[in-house]
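This report is written for a reader meeting the structure for the first time. Please look over the sequence and the model before reading on.

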Amino acid sequence: MQQQSNKFFFNVDWITILLYVALCLIGFINIYATEFNPDISTDFRLSSSYGKQLIFIGTGLVLGFSILLFDAKFFSVFAPVIYGVTMVLLVVVLVIGRDVGGNQAWIAIGSFRLQPSEFAKFGTALLLARYISSFNVKLNSLKPILIAAAIIVLPMTLIMLQPDAGSTLVFLSFMFPLYREGLPGYLLLIFWGMVLLFVLNLYLAPTILIVSILLLGAIFIYFNRKRQQKIISIGIITLLAIGYLFIAKVLFDHVLQKHQRARIELILGLTKDNKGVGYNVIQSQTAIGAGQLTGRGFLQGTQTKFKFVPAQSTDFIFSTVGEEWGFAGCFVVISLYVFLLLRVINIAERQRSSFSRVYGYCMACIIFFHVFINISMAIGIMPVIGIPLPFISYGGSSLWSFTVLLFIFLKLDSNRMGFI
Amino acid sequence: MDQLFNRKYIIQGLFVVLALILIGKLFYIQVATDKYFLNANSNALRKSYVFPARGVILDRNNKILAQNQPTYDLLVTPKLVQPFDTISLCKLIDIDMPTFREKLRKATVRSRFQSSIFQKLLSVQTYAALQEKLSNFPGFEVQKRTIRYYPDSVAAQFLGFMREVNQVDIDKYEGYYKPGDYIGKTGIEKSYEEYLRGTKGVRHILYNAKNVAQGSYDDGRLDSLSIAGDNIVSTIDSRIQKLGEELLANKVGSVVAIEPSTGEILAFVSSPGYDPNKLVGNNFSPNYRQFTANPYRPLFIRPLQGKYSPGSAFKPLDALIALSEGVVNPNTTIFCPGYYIAGNRKLSCEHRDLNTNLRWGLSRSCNTYFWSIFAKMLTKNGSSRAKQQAAYDVWQNKVRKFGIGDTLGIDLPSEKAFKLYRPKDYTQMYGKRWGNTTIISLAIGQGEISTTPLQMANIMAIIANRGYYLKPHVVKAIGDEKKIDPKYKQKHFVDIDAKHFEPVIDGMQDAVNTNTGTATESRIRNILMCGKTGTVQNNRGKNHSVFIGFAPRDNPKIAIAVIIENGGYGGAYAAPIASFITEKYLTDSLEPRRINGATLQQYKDDNLLPALKMDKPKKPLSKADSTKADSLKKRPLPAKQNVAINKFNKEAILPKNNAAAKQ
């Protein structure tokens, strides 16, 4: 058994790798389409963005398969070290980082740029998995919850200082692996409830909110009218929620600085910004809408060429998919993601080692979070948060970090019979 | 652990539900609605515009003042340009190769895929030559549009000019205008832009990714025809407008004539002016630059923006207020020894008019009489400071009723208003201790009172109407339905009883029609003209010559104000010029000479332009209809010194209002 697990491709889940390669190729095709210009001779050039992306995909595969060469134990043993290194990089980037588009998120090494926040994701995932899987940690008491929270909050804080709101929010997805491992569900509900209330508080008039909370409370009380205990707790929760509204309002209006408020309002779309962020969304929606059912066809998109949509090959690559491949293409891409992630979760559940399982969940949730936020902003469901579409968006750092994230899991899985 | 295992389904379910939300929204924007698809077409489905004919502007007798002439723009779509015989194209549109390359480069920077203007405003001849060979020039096309043409070259500042839109215009009209479009910038062209411009026609043409036109989108369901702009009948009478411009050639000044019964502007002369055809098409930029640099400021709209003390021309209004306040009656006499004692100052009057009543005072323009009645008005309730200041407040409120101190709200842009002092303003200026002697110069239209020529003409319209005016306006009818804003039918009363007007009009009649009057030069045979001169002293150059009046006395048809800067006595230039215009308007003919024997041609020929510093005054230009701007252009100013000279002389020719008046 031990011998077999060291063999190169033994027990590797080929379906996952196939899905991974498919998504990478879709990415390449669409990046090629954004760059494509019918007038200029179609020589393949490695200096173009699609050329570079091909290099990134190739090196990514090499990177991925070399991870398979590692001993599975390595990741669990060195999790704290890897976490530490990525945290150091996050600090370093604050000092020597290059300012790109208002974010100090890149470390330049020659012509090569590294984005440490991408790598912090799997660093955090590894340490979180290691901590939760350690003996005697149960996520239903306060201390382990706080420690797990601290592991997540540290990189979030460092990334927020860049400031890169999008990458910061990604770390919220670690909440779901914690939930899977026993974090009480009501904590999640309370957290998302508070977030929801905070946001609604900015959108809606206080009277409307208070009335609807009271109404909701009344409905719940009505359905539980025979259980006095529940009536009391629902009543308390209702009052707490209303109290929270006022605290959140005071917090927002008086404690937050003006520029922080402005940023939150912009992210939530409360302030219009048609020339800047708003412009991207309109152009992206237009491009996607232009695709209609079957799309304009490969290289036939007019919106996504000619630079109508900014950040076309990175954050808004999905608009190219939408325009050239239409609803059918979008459906396929989303299905591929869902299929991949459901498979990852199923694989995670078959692990004997809880380290592998937690890590699998972490990875699935991070990737899903990226996919959901990225597509949502491209089609105008969510405000623009600049995060890449995994495997598809142009960019080395993001492709490699997702590749590493995925292949570490594949390695762990290939070793599922052994012990870590 | 079993229970936790179930959480797998919750998380997987969450993934599926959120993915379905995305798919649902995608279904909406891609399949269910074609809103975004149509949006996208503004990029890939390109619009080509058909420019409508702009509305023609007519004078009150339906004579054309501004019409259209066709012109052609050469457009280029850089992406479609292929190697071709560039030299022949350059020859056709008369540019050299470097210019050609630069223009093509600029167009490429604007957009490689959208067509943009390569060469503007080609002549019909060029167009004809170009049209033949256009197929040899891939990527180039011609777009027709119209520019203005002014057959009579009159009323430039009244009509206004058009100019390419700037970003402010584009934002203001929310998408109607595209860069390269033209918009009215001044005058009627501006204030009635939305009527004149009509509606652009649009053709939607679908292009594929290779930018090849695929024909009309959706069988032209979204296309629209252009709708020509509304014609506008203006209130101007081009006969007297033209005469006025000729008379004011080589003079600084303005003429405003109003039809009292309607408030319609009959003449609107601002001199020096310019030939409106000079601000059209390709000539615009060089000429506009030249006009802005011109020290005589041909673009300055004097009837609306000129700041002039009314001087003695204010006296009729002063008399009306005195009568309505009851401090004098028409027979009250005041002895004029040739001077007036105001406090401890002795103010001299032009002449000794001895026992002066209202009629004599107005016809002789006796300062002493008006100083006295002004003092009477202010001391009506007692001579304490507070009482006088309260009386002044009553007085200035009555003056305001005549439209002084505020804009009249004419339907032309950039009308100016000048401040009329309220009691608190004087208190701020002099402290609490001021009374009639302090502000006595107001009695003869000097001091802290300034008007535009339009306001002066409007005062005459009020007197002609015996107590009311209609908002002065420049448009008689818009479009085929002959629309007009009802606010121009509304009478604005000045709250002075009609009976007080007759004695004042008697005085004004005598000023013109008795030989002792001050405005005899404006006498017209067989027509009873009523008027009042003003001679406004200013501290540079000669006095400004001012005349306001109306005719005929009964059932007046025209009220007029003429201001000739540095023209000397009111009777010297303003009065005769007013009479020529009035006579022309009422009889459509002209007596050859005025009472002083001077002919029309003499008045036209006289040059009263202030001398420019460092430049000796030129002899009067003989050709009356040579355009004013032209004559200025010919002045041999050394180019290098232009700026300094202009700066200096702008000041020099501005009317000075702190002057004293005589006569």
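## Overview of chain A

The structure is a predicted model. Chain A has 420 residues, and 42% of them are buried. Its secondary structure consists of 16 helices and three strands. Of the contacts in chain A between residues at least 6 apart in sequence, 71% join residues at least 24 apart.

The mean pLDDT of chain A is 82, with 83% of the residues reaching 70 or more. Residues 1-5 of chain A have a pLDDT below 50, and in the model this stretch has 10 contacts beyond near neighbours in sequence.

## Helices H14 and H15 of chain A

Two packed helices are described by the angle between their axes and the distance between the axes. Helix H14 of chain A covers residues 317-349 and helix H15 of chain A covers residues 354-378; their axes come within 9 Å and cross at roughly 165°. An angle over 145 degrees counts as roughly antiparallel, so H14(A) is roughly antiparallel to H15(A). The crossing in which H14(A) passes H15(A) is left-handed.

On the H14(A) side, the residues that meet H15(A) include Phe318(A), Ser319(A), Tyr337(A), Leu341(A) and Val344(A). On the H15(A) side, Ser356(A), Arg357(A), Gly360(A), Tyr361(A) and Met363(A) are among them. By class, this contact of H14(A) with H15(A) has 15 nonpolar, four polar and two charged residues.

## Helices H4 and H6 of chain A

A second pair is formed by helix H4 (residues 72-96) and helix H6 (residues 142-160) of chain A, whose axes come within 9 Å and cross at roughly 20°. Angles under 35 degrees count as roughly parallel, so H4(A) is roughly parallel to H6(A). The crossing of H4(A) and H6(A) is left-handed.

From H4(A), the contact involves Met87(A), Leu90(A) and Val91(A). From H6(A), the residues are Leu154(A), Pro155(A), Leu158(A) and Ile159(A). The contact of H4(A) with H6(A) has seven nonpolar residues, no polar and no charged.

## Thr286 of chain A

Thr286(A) is part of helix H13 of chain A, which spans residues 277-291. Is Thr286(A) buried or exposed? Thr286(A) counts as buried because it has 26 C-beta neighbours inside 10 Å, where the cut-off for a buried residue is 20 or more.

Thr286(A) can also be placed relative to Ser319(A), which is 33 residues away in sequence; their C-alpha atoms are 8.6 Å apart in space. Ser319(A) is one of the residues of H14(A) that meet H15(A).

## Overview of chain B

Chain B has 663 residues, of which 45% are buried. Its secondary structure contains 23 helices and 23 strands. Among the contacts in chain B with a separation of 6 or more, 73% are between residues 24 or more positions apart.

Ser450(B) sits in the loop between helix H17 (423-430) and helix H18 (453-464) of chain B. Ser450(B) counts as buried because 22 C-beta neighbours lie inside 10 Å. Pro310(B) is 140 residues from Ser450(B) along the chain, yet the C-alpha atoms of the two are separated by 6.6 Å.

## Backbone features of chain B

Most residues other than glycine have a negative phi, and most peptide bonds are trans. The residues below depart from one or the other pattern.

The peptide bond from Ser271(B) to Pro272(B) is cis, with omega near -5°. Pro272(B) belongs to the loop between strand E12 (264-271) and helix H11 (284-293) of chain B. The bond from Ala551(B) to Pro552(B) is also cis, and its omega is near -15°. Pro552(B) is in the loop between strand E21 (544-551) and strand E22 (558-564) of chain B.

Ala155(B), a residue other than glycine, has a positive phi near 60°. Ala155(B) is located in the loop between strand E5 (140-149) and helix H6 (156-159) of chain B, and it counts as buried because it has 29 C-beta neighbours inside 10 Å. Arg466(B) has a positive phi near 55° and lies in the loop between H18 and strand E17 (468-470) of chain B. With 18 other C-beta atoms within 10 Å, Arg466(B) is partly exposed.

Terms used: Residues are numbered from 1 along each chain as its sequence is written. Chains are lettered from A and ligands numbered from 1 in the order in which they are written. This is a predicted model: local features need pLDDT of at least 70, side-chain atom pairs count only at pLDDT 80 or more; totals for chains, interfaces and linings use all residues. Helices (H or I, at least four residues) and strands (E, at least two) are DSSP runs, numbered from the N terminus. A residue is buried if 20 or more other C-beta atoms lie within 10 Å of its own, exposed if 12 or fewer, and partly exposed in between; C-beta atoms are placed from the backbone. Two residues are in contact if their C-beta atoms, placed from the backbone, lie within 7 Å. Axes are lines fitted to C-alpha atoms, for helices over the stretch in contact, and angles run from 0 to 180 degrees between N-to-C directions. Angles under 35 degrees count as roughly parallel, over 145 as roughly antiparallel, 65 to 115 as roughly perpendicular and the rest as oblique. A crossing is left-handed if the near helix is turned anticlockwise from the far one by less than a right angle, and right-handed if clockwise. Ala, Val, Leu, Ile, Met, Phe, Trp, Tyr, Cys and Pro count as nonpolar, Asp, Glu, Lys and Arg as charged, and the others, Gly among them, as polar. pLDDT is the predictor's confidence in each residue, from 0 to 100.
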